[in-house]
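I opened a new notebook page for this protein. I wanted to look at one helix and at the aromatic rings.

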Amino acid sequence: MHSFHYHNGSLHCEEVDLSLLANDHGSPLYVYSAATIRDHYRRLSSALCELDHHIAYAVKANSNLSILKLLAKEGAGFDIVSGGELFRVLRAGGKASDCTFAGVGKTRAEIKYALEEGIYCFNAESEAELCFIDKVAGELGEVAPVALRVNPNVDAKTHKYISTGKSENKFGVDFDDIAGIYDRASQELKNINLRGLQMHIGSQLTSVQPFVEAVEKVAPLAAQLKADHKIEFFSIGGGIGIIYEDSLASGSKDWWAGKSGEDKPLTLEQYAEAIIPSLKPLGLKIMLEPGRMITGNAGVLLSRVLYKKQGAAKVFAIVDAGMGDLIRPALYQGHHDIAPVKQSDRQPETVDVVGPICESGDFFAQDRELPKLEEGDLIALLSAGAYGFVMASNYNSRPFPAEILIDGQEASLIRKRQSFSDLISGEEL
Ligand SMILES: *Cc1c(COP(=O)(O)O)cnc(C)c1O
């Protein structure tokens, strides 16, 4: 579900006309829907109501302070991957005690910061990291709550750059080594408290089967660790996929990822139904770390067509957003539907929609059939609310776009557009 739709021939987010918004704030411009974010959070939570569950939003998907604040108000916890993300959560009014800390390369400074703030748990990704957390905690006279991330060696069937649960990925600890490490750690590491077990097999999963496979494989291990080490939680990670194709039409539908024509489009109800039987008997707190599923379809990137160019082989629409604003197509062949903000009856045309950056990888669509675009037209790159702004760079010395949060008829500027002086702040002559 999402709140982007046409009204009187113009694309709206909730009750706000996006063409007027772009006139006021310029482009490129990220626009998010608060109602959509709340709806996604609540739907996931209610699908899992049978379980003692806790949703820790994966901050890296979209870490704007106002979005974190909105989710904190909903009762979400946070899954963080850096000290910077912990700082953001705290600034947004979130609690450290609701944070889990993931990632393969936590530094001493980050571990110390998280210990001092009192996070809920470190999710460690190697025995070496576990020993290091124990050491840092010992120096501070603290006991660090920890879980290990298990790599279940399950194929998530997603793009290779966002697959994390196979033995050849850098993430997690091999399934067969987990029990031995917990046993050793409980004997030898005096400054840690084994609090849980965690996994996360990948992102943008569009079928329920890999989740089921992973949960069924790891649940017995969680049960064993509960018996042997009194762990209190099992985190099954994030990874629920979203609609990228046909995403405007999907606004009114119940399916989550996959198309309506496919055998088994992923719905939250189906996801919950498939995993609850393995999880409920554990009697553990079940944690989830969704990122994309919460914010992905809740955001668009608005951009204006600067020029049309008829090349020898192709027609190009050159727009004012580039890979520095939204890198998913360049980084992992991510697809974004493109919708003209003003509806028209123009004939379709096959175009490449490209940015102004000096890289051939700087495109949003290739050979895409769209209603003929003209200079000055405003377009919306849909499903850009997750892994969009957070991956922005200043490459080519292009300032970051502004971000707007819509709530009903209210539009709040939640991040100012960068200025040229912002671009060079911190540099010395
Ligand atoms: C990135 C990440 C997530 C969130 O993944 P989504 O696909 O956005 O749901 C959850 N857990 C961990 C450990 C991650 O690294």
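My entries on the helix and the rings follow.

**Helix H9**

I worked on a predicted model. I started with the length of H9, residues 268-279. At 1.5 Å a residue, its twelve residues should span 16 Å, and I found the end C-alpha atoms 16 Å apart, which agrees.

Next I looked up burial. Leu 268, Tyr 271, Ala 272, Ile 275, Ile 276, Ser 278 and Leu 279 are the buried residues of H9. Viewed down the helix axis, they fall within an arc of 155°, so they line one face of H9.

What sits on the face turned away from the buried side? I found the exposed residues Glu 273 and Pro 277 there.

Then I checked what covers the buried residues of H9. The cover includes helices H2 (34-47), H8 (209-229) and H10 (292-295), along with strands S12 (233-235) and S13 (285-288).

**Aromatic rings**

I counted six aromatic pairs. Tyr 30 and Tyr 32 have ring centres 6.1 Å apart and planes at 20°; planes under 30 degrees apart count as stacked, so this pair is stacked. Both tyrosines, Tyr 30 and Tyr 32, are buried.

Phe 389 and Phe 400 pair edge-to-face, at 5.5 Å centre to centre with 65° between the planes. Both lie in the loop between strands S19 (378-381) and S20 (402-407), so the pair ties together parts eleven residues apart in sequence. Phe 389 and Phe 400 are both buried.

I also traced the links: ring pairs join Tyr 30, Tyr 32, Phe 389 and Phe 400 into a cluster.

Last entry: Lys 217 lies over the face of Phe 175, 5.0 Å from the ring centre.

How values were computed:
Residues numbered from 1 in each chain as written. Predicted model: local features only at pLDDT ≥ 70, side-chain atom pairs only at ≥ 80, totals over all residues. Heavy atoms only, no water. Helix = DSSP H or I, 4+ residues; strand = E, 2+ residues; numbered from the N terminus. Expected span 1.5 Å × (residues − 1). Buried < 20%, exposed > 50% of the residue type's maximum accessible area, 1.4 Å probe, protein only. Arc of directions from axis to C-beta. Contact = heavy atoms within 4.5 Å. Phe/Tyr/Trp six-rings, centres within 6.5 Å; stacked < 30°, edge-to-face > 60°. Lys NZ or Arg CZ within 6 Å of the ring centre and 35° of its normal.
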